[in-house]
Amino acid sequence: MPYSPSPPRGEGRGEGDAWRGVAGSPALGPAFGFTFRNASPSPSPLPRGERVSGAGEGILAGFVIIAGLILAQPANAQSEAPKDTLKRVEQQLQTGKQRQQQLERQSQALQTELDDLRGRLISLADQARGQEQALDQLEDSLAALEAEERERSAGLDAERQQIATLLAALQRLARIPPEAALARPESPVDTLRSALLLRDAVPALKARADALARALTALADTRGKLVGQRAKALAARVALSEKQDEMNRLIARREELSRQTEEERVQVGQRMADLSGQATDLRQLMERVEAERRAAIEAAARREAERREAERKEAARREAEKREAERRLAAQKEAERKAAERKLAELRAAEQKVAEEKAAEEKRAKNAAAREAARERELAARAPDGPPAVAGMVLPAAGKLTTRFGEADRFGATSRGVTVQTRPGAAVVAPRGGTIVFAGPFKGYGLILIVEHGNGYHSLIAGLGRIDTAVGRKVASGEPLAVMPSDGNPDLYFELRRNGQPINPQRGFGAPEGKGQG
């Protein structure tokens with residue numbers, strides 16, 4: 001509840017007027033949180049003797065204000081004089097400044113360590129990207145060997161079945177004695193033909209058996225290579241996991257260092273601000289009490305003279321305004337009539353001009369869109385099958401490029417960026433140095449990052465599993481910012497914009513201004 005002192009009681013009107021002159025000053029009340037209810041801006045002029053008596057009461061009012069301010073101090077300062085309080089506050093200010101300087105030195109040391117961590121993170125991110133690419137190659141080779149093994153096994157199974165059938169037939173014929181062959185119901189010619197066929201089938205059967213043995217040897221070699229490739233892939237996965245764990249530890253250390261002294265710096269700064277305001281209030285209070293007492297007497301007479309002069313000028317001004325208003329009314333009606341006719345003509349001309357400009361603009365936009373679409377199709381046709389070459393930057397993550405700029409995405413819409421299929425948990429880095437302007441979930445897009453690079457360029461990265469940076473943080477080219485989801489085949493969406501318009505990332509940061517699809 002604001003402090004509201006009542007004016008002191010006196011025998012003459014001058015006492016109350018002098019009190020109102022001091023207590024009603026706009027410089028004292030709001031500055032220290034006091035509200036004076038009986039302040040009057042225009043006291044009536046009084047005889048000189050009575051004003052002198054009121055000035056003495058004004059001094060008393062000043063001491064009442066000082067007492068009220070001292071009562072507002074903490075309990076351990078209520079018994080101190082204003083000068084002692086001021087001295088104590090200044091000592092506390094000096095101590096706070098020393099602590100601030102110490103925190104600044106600690107902040108510089110932490111910044112040096114943060115810069116070192118940032119360099120190590122960039123190096124680890126490069127190593128992890130290389131290991132991810134090597135692991136992709138190993139897995140592709142492993143898949144080819146597994147397909148070769150399945151193909152060889154299927155061929156060998158079919159060959160075994162044919163040879164087994166022929167061997168069974170030979171075994172059955174071999175069990176028939178010559179005497180029984182003479183007693184068979186077939187003619188001698190058929191028996192002779194069967195014997196000739198068996199004689200020709202034996203060498204061919206041996207050749208097929210030899211080929212089957214060689215195929216079995218080749219299958220054993222293929223399976224040996226398959227075991228070796230699987231061992232290499234397992235070792236690559238273990239090494240990649242270790243790099244990712246080390247990156248996570250460094251990122252956690254970076255965040256810990258960033259928050260280490262921030263809270264204490266805020267508290268010290270707030271305390272310094274409070275002490276500075278308190279010291280300023282005490283000095284101003286002791287200076288203003290005396291100044292307000294002297295100004296109160298002069299202000300009362302000056303306000304009365306100004307009031308009378310203002311009344312005289314106001315009457316003269318009203319009479320002049322009345323005559324001027326009558327003259328202006330007639331002129332305004334004539335001007336409004338002419339202005340209405342002119343605006344009607346201008347409106348018709350403007351409508352005609354707007355219609356012509358709109359038709360011309362639509363024609364230019366249609367031609368520009370056709371040229372841009374043809375140029376994008378030509379660029380997409382000439383682009384290599386691998387990841388696009390991006391001038392002056394790196395892709396945010398390693399992987400397979402599945403959708404290029406201008407192609408139809410999986411929803412049938414025209415893509416305004418590129419889509420890269422990455423490994424689960426792959427590291428995501430800054431394509432170029434800049435400042436983080438957005439980091440977090442956005443509508444139906446999940447976790448996204450927006451990086452401002454300067455010269456009107458922004459990068460939008462979506463499809464993330466975890467974000468390891470914060471808004472306002474400056475990042476270097478290749479610095480880890482996030483990781484992809486840890487399951488399935490995650491897709492990273494990367495969009496490059498200049499002055500708010502999407503541009504083809506295959507052109508990099510040298511794309512012409514204003515090109516792209518909105």
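Predicted model: local features only at pLDDT ≥ 70, side-chain atom pairs only at ≥ 80, totals over all residues.

Modeller: Residues are numbered from 1 along each chain as its sequence is written, and side-chain values use heavy atoms, with hydrogens and water left out.

Colleague: How do you know where in the protein chain confidence is lowest and where it is highest?

Modeller: The pLDDT is the predictor's confidence in each residue, from 0 to 100; on that scale the protein chain averages 75, and 70% of the residues score at least 70. Confidence is lowest in helix 2 (residues 29-32), at a mean of 41, and highest in strand 9, at 96. Over residues 511-518 the pLDDT is below 50, and this stretch has 25 contacts in the model beyond near neighbours in sequence, a contact being heavy atoms within 4.5 Å.

Colleague: What makes a run of residues a helix or a strand, and how many of each are there in the protein chain?

Modeller: Helices (H or I, at least four residues) and strands (E, at least two) are DSSP runs, numbered from the N terminus; by that rule there are 7 helices and 11 strands.

Colleague: What makes a set of residues a nonpolar core, and which residues touch the most other members in the largest one?

Modeller: A nonpolar core is a set of buried Ala, Val, Leu, Ile, Met, Phe, Trp, Tyr and Cys residues joined through side-chain atoms within 4.5 Å. The largest has 19 residues, of which V428, L449, I461, L464, L481 and L492 touch the most other members. The elements giving two or more residues to this core are strand 2 (418-421), strand 5 (447-454), strand 6 (457-464), strand 9 (480-483) and strand 10 (491-498). A second, separate core of 18 residues includes L114, A233, A236 and I251.

Colleague: Why is the pair of F438 and F442 called edge-to-face?

Modeller: Rings of Phe, Tyr and Trp (its six-membered ring) pair if their centres lie within 6.5 Å, and planes under 30 degrees apart count as stacked, over 60 as edge-to-face and the rest as tilted. F438 and F442 stand at 6.2 Å centre to centre with 85 degrees between the planes, and the pair is therefore edge-to-face. A search of the whole structure finds 1 aromatic pair. F438, at 28% relative accessibility, counts as partly exposed, and so does F442, at 34%.

Colleague: How do you know that strand 7 and strand 9 pair, and why do strand 3 and strand 7 stand at the edges?

Modeller: Two strands pair if DSSP finds at least two bridges between them; strand 7 and strand 9 have 2 bridges, in the antiparallel sense, and I467 stands opposite A482 in strand 9. The open sheet is formed by 3 strands in the order 3-9-7, with antiparallel pairing. Strand 3 (427-429) and strand 7 (466-467) each have a single partner strand, so one side of each is left without a neighbour in the sheet.

Colleague: What makes the phi of N455 and of N499 worth a remark?

Modeller: Most residues other than glycine have a negative phi. Phi of N455 is near 55 degrees, a positive value, and phi of N499 is also near 55 degrees. N455 lies in the loop between strand 5 and strand 6 and is exposed, with a relative accessible area of 70%. N499 is found in the loop between strand 10 and strand 11 (501-503) and counts as partly exposed, at 43% relative accessibility.

Terms used:
Buried < 20%, exposed > 50% of the residue type's maximum accessible area, 1.4 Å probe, protein only.
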